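Q: Could you walk me through reading a structure like this one, feature by feature?
A: Gladly; let's look at it together.

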Amino acid sequence: VRPLAWCSRPRSSAALPEGAHVITLVYETHSTSTDNEAGIATGWLEGRLSGRGRQQAEALGERRRRDGIAGVYTSDLARAVETAQIAFSGSRIPVREDARLRECNYGELNGRPVGEIDAVRLDHVDEPFPGGESYRDVVERTRLFLADLPEELEGARIVLIAHSANRWALEHLLAGKDLHELVAAPFEWQEGWIYRLDPGQDPQG
C-alpha cells in the first residue's frame, strides 16, 4: 500500500502552531447487530441493530455529542448507518456515509457463521475471499478515504463509525502494526479508539 501523500496538499499558512493541522479520528465500531448476537459474519450484507445495539448507539451519542466533534463519517451499511442515526439524531453534527468504510467483503461467505470466517481469516490478508476482497483491499480503500478528507478538517475532531476490518486498517496505516497480527488477534471492544492524522505523517502501509 502506498503511503498517504499528505505533503502534496497546499498550505495556506506556514506559520500555524505545531499540531494545528492534526485531525483527531475517534473510531467507533457499529453497535451490536442481530447477526452479532446470532454469531453471523454479516460482511457486505446490511445487518440491523438488536435492542441491545440500539441502547449502545444511544450511549455512543451520549459520550460523543459534547466531545467537540466536527463531523461523523459512517460506513454505508445499514447497521453502521443506524448506529450513527441513533447516536447523533437531533444534533447539528453532520453525518456522511462512505462506502469505503465498509466491512471486508467476504464474497461467498457473507452471512455465514463467524466460525467459518475465523477458520480462513488469515488466508485472506492478501488473497481475496472467493467472490470478495482481501483485508489488504480494505486497507487500500481506508487509505483512500483518509486521503480524501477535506482540508478544512485539519485541526478538527471527527468520528468514524465502521467495522473491525477498518480498525485494523487504521492500526496498520497510522500505527504501523503488522496486518497479519491484527487480523489474528481476538477482538476486544472498548469505548472508541483515538488516532491522530498528521498531514506531514508518512503512514506505514
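A: Buried means under 20% relative accessible area, exposed over 50%, and partly exposed in between, with a 1.4 Å probe and protein chains only. The model is predicted, so local features need pLDDT of at least 70 and side-chain atom pairs count only at pLDDT 80 or more, while totals for chains, interfaces and linings use all residues. Residues are numbered from 1 along each chain as its sequence is written, and side-chain values use heavy atoms, leaving out hydrogens and water.

Q: How far apart are the end C-alpha atoms of helix α2?
A: The expected span of a helix is 1.5 Å times one less than its number of residues. For the 14 residues of α2 (residues 51-64) that should be 20 Å, and the end C-alpha atoms are 20 Å apart, which agrees.

Q: How many helices and strands does the protein chain have?
A: There are seven helices and seven strands. Both are DSSP runs numbered from the N terminus: helices are H or I with at least four residues, strands are E with at least two. From the N terminus on, the order is β-α-β-α-β-α-β-β-α-α-β-α-α-β. Of the 205 residues of the chain, 48% count as buried.

Q: Which residues have the most contacts inside the largest nonpolar core?
A: The general idea is that, in soluble globular proteins, nonpolar side chains tend to be buried together. A nonpolar core is a set of buried Ala, Val, Leu, Ile, Met, Phe, Trp, Tyr and Cys residues joined through side-chain atoms within 4.5 Å. The largest has 35 residues, and L25, Y135, L146 and L149 have the most contacts inside it. Elements giving two or more residues to this core are β1, α5, β6, α6 (164-175), α7 (179-184) and β7 (193-197). Of these, α6 gives the most, with six residues. A second, separate core of 11 residues includes V26, I69, I93 and V159.

Q: Is R121 buried or exposed?
A: R121 counts as buried, because its relative accessibility is 13%. R121 is found in the loop between α4 (114-120) and α5 (135-147). A polar contact is a pair of N or O atoms within 3.5 Å; within protein, one must be able to donate a hydrogen and the other to accept it, and residues adjacent in sequence count only if both atoms are side-chain atoms. The R121 side chain makes such contacts with the side chains of D118 at 2.4 Å and Y135 at 2.7 Å.

Q: Where is D76?
A: D76 is in the loop between β3 (71-74) and α3. With a relative accessible area of 23%, D76 is partly exposed. Its side chain makes a polar contact of 2.7 Å with the side chain of R102.
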